Amino acid sequence: MVVHSSLLLTSLVLIGLLSHITETISHGNCEGSSRCTYVVRVRPPPNFSMDMSPMNLEDWYRSFLPPGMARSKPQSPFIHTYREAILGFAVNLTKDEAEYIKTNDGVLMVYQDNLIPLLTTHTPDFLSLRPNGGAWNTLGMGEGIIIGLLDTGIDFAHTSFDDAGMATPPAKWRGSCKFESAHCNKKLIGGKSLIGGENPDAPTDDVGHGTHTASTAAGRFVQGASVLGSGHGTAAGMAPRAHLAMYKVCNEQGCYGSDILAGMEAAIADDVDVLSISLGGRPQAFHEDILAIGTFSAMKKGIFVSCSAGNSGPLPSTLSNEEPWVLTVGASTMDRQMKAIVKLGNGRTFVGESAYQPSNLASLPLMFELDDSENITGKVVACELEGSQVEIGQSIKDSGGSGLIVLGAEDSGYTTFAAAHVLPASYLNSPDAAAVRQYIKTSNKPIASIIFNGTSLGTTPAPVVAYFSSRGPSTTSPGILKPDIIGPGVNVIAAWPFKVGPNRVDEHGMAFNSISGTSMSAPHLSGIAAIIKSAHHDWSPAAIKSAIMTTAFVVYDSKKPILDEKLNPASHFTIGAGHVNPSEVINPGLVYDTDVEQYTLYLCGLGYTDSEVETITHQKGVCSKGTKLAEAELNYPSIATRASAGKLVVNRTVTNVGDAVSSYTVETDMPKEVKATVSPTKLDFTKEKESKTFTVSLSWDASKTKNAEGSFKWVSSKHVVRSPIVIF
């Protein structure tokens, strides 16, 4: 997901219909004879084989359709057919036709299609990833790993995707690149265009989002990258030697579930290693959530999935992508600032940000945007952020305005955005914006100037959680701590398919842009997961997630806690296990592994029916056998529990992935009102991949303790394996 500083995609998600629909198709009201797109999830017959030919598969799917539709050969009635992500198909139906299909005993679910919103040069340095002497030297750069992205497409011509120094794609790659309008290489090895059905066009990017996320995950080294001269440096993705595959499932309106599912279908079939998903919608029960169902299938095939946490913060329980089999990633700031200093007529100055750094703007009359009757020619306009900063600035410029001050909203705290503006501008944080509002209201002739002071590194505090980053607790599964992790997601500079700024020209090759959102943080973690997978090909998605979570840091710079947008200590419902720490992820010492069976029994423990669990897992009759797993018993690298319970006793199992002979001692850190014990207190390993189980016991006075946070950690001579505990 992206909070866009040049194009606010999420404001467009309800506009129009997908361009591929040629008849009257609605994704909203399906009353009467109008048609809507539906996804139909079916149960396999007893003799079903995954090797069934595409023609036979389509014939079988036709058997679920109303008689008139089923006989509509030779033209296929289907938008998409699926066999990897789910068994089923997407098709345009009237409401009555959808009801007819639901009556078939072989149909598990029928979903009306819905629109899901799309939710950097300095980042590698900030994360201690440097080609000479940094963590890349010991970690590797993702060699031999394929990262698939579900997004808006990619700029094939961008220099970030050149293949100099790249190895040949691994032999397991089953995808293709056969486009007349674009050419792949050893970096960008393939992809598909899937909006409204698969089509032969190359998955090119006319939005920017997909190019940006792809280069963040695995863009190659590009010297001299900047946004309009700001943030100048060498650009690189997290895994610059990993291969990329782009599945175009989104446009400027957003992404339809049927197309997203087709993207997951293709990525699974193509055998990608990591799937990066920078989109997400409102929380839903897992059996009603296309993303949760498709990502479960990906996880079963060993694919690691990194997802955006959502941009609906700072309110609690606003998460997207809550399922425990994916990594849910929140957004944080870096220590870089592109300074645009606002000076008011009363002498007060405020440090804001802008990626566009022109000559200083001399003092000019200052006005609120709200006074429509006033002429803005030659004035600085102060605006609330409602939509795209850049588009607001363009409107002001077109009307004769000379400058823009974007006023941070009250709940946005100290978060600031550095956009590629088209006129002199500055984005001010919430406290400074309040002072500017007060000055305009109380001054007879308010004036302001903007002084551009370039890019500075090492600003503190950093990292700080972005205000927009969605928070827990999870609504779908409160006993699983979400988000899992935070990573860089504010003012991330990465590849862009066209020029930005005041002299925008649609030309390819060397354009970069600064944008923000959990859309930006998720591909950082996708790239880091690729590095881990490259070093440990046999690790499961759960083991990779565990390595990321248990090595995360929660304090920085001499033990200062990570802060939220208001500069208060951030809770674990804000940061998850903490901020990603790439220098430690390759060798975590111990991992908490989880398999498909555990996830399935966990779903039974949540109270899902056999049919609902089958919809998610493709396994029939699991829950009726009687075995269930409580949320707290899922072998997760964190613990979350309701305060009303007063106590919790859970088991966890760790697997040794460090030195064969090693010893770990437990340390607990909980508030005094919570009694915490771990048994045994010491774990001695004698071989690699040896597993040991321990018990965590917590107790507290439920009448007095409503919220408490802490952790336990297993400590050896080489490793600290930390797991957060949250009582809420």
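This is a predicted model: local features need pLDDT of at least 70, side-chain atom pairs count only at pLDDT 80 or more; totals for chains, interfaces and linings use all residues.
Residues are numbered from 1 along each chain as its sequence is written, and side-chain values use heavy atoms, with hydrogens and water left out.

Q: Which residues does UniProt list for "active site"?
A: The record is an unreviewed entry; its positions follow the numbering used here, feature names are shortened, and annotations may be inferred rather than shown by experiment. The residues span 369 residues in sequence, yet no two of their C-alpha atoms are more than 10.0 Å apart, so they gather at one spot. UniProt lists Asp151, His209 and Ser519.

Q: Is Asp151 buried or exposed?
A: Buried means under 20% relative accessible area, exposed over 50%, and partly exposed in between (1.4 Å probe, protein chains only). Asp151 has a relative accessible area of 1%, so Asp151 is buried.

Q: In which helix is His209 found?
A: Helices (H or I, at least four residues) and strands (E, at least two) are DSSP runs, numbered from the N terminus. His209 counts as buried at 0% relative accessibility. His209 is found in residues 209–218, helix H6.

Q: Which strands stand at the edges of the open sheet of three strands?
A: The order is S6-S13-S12, with antiparallel pairing; two strands pair if DSSP finds at least two bridges between them. Each edge strand has a single partner strand, so one side of each is left without a neighbour in the sheet. At the edges stand S6 (115–116) and S12 (250–251).
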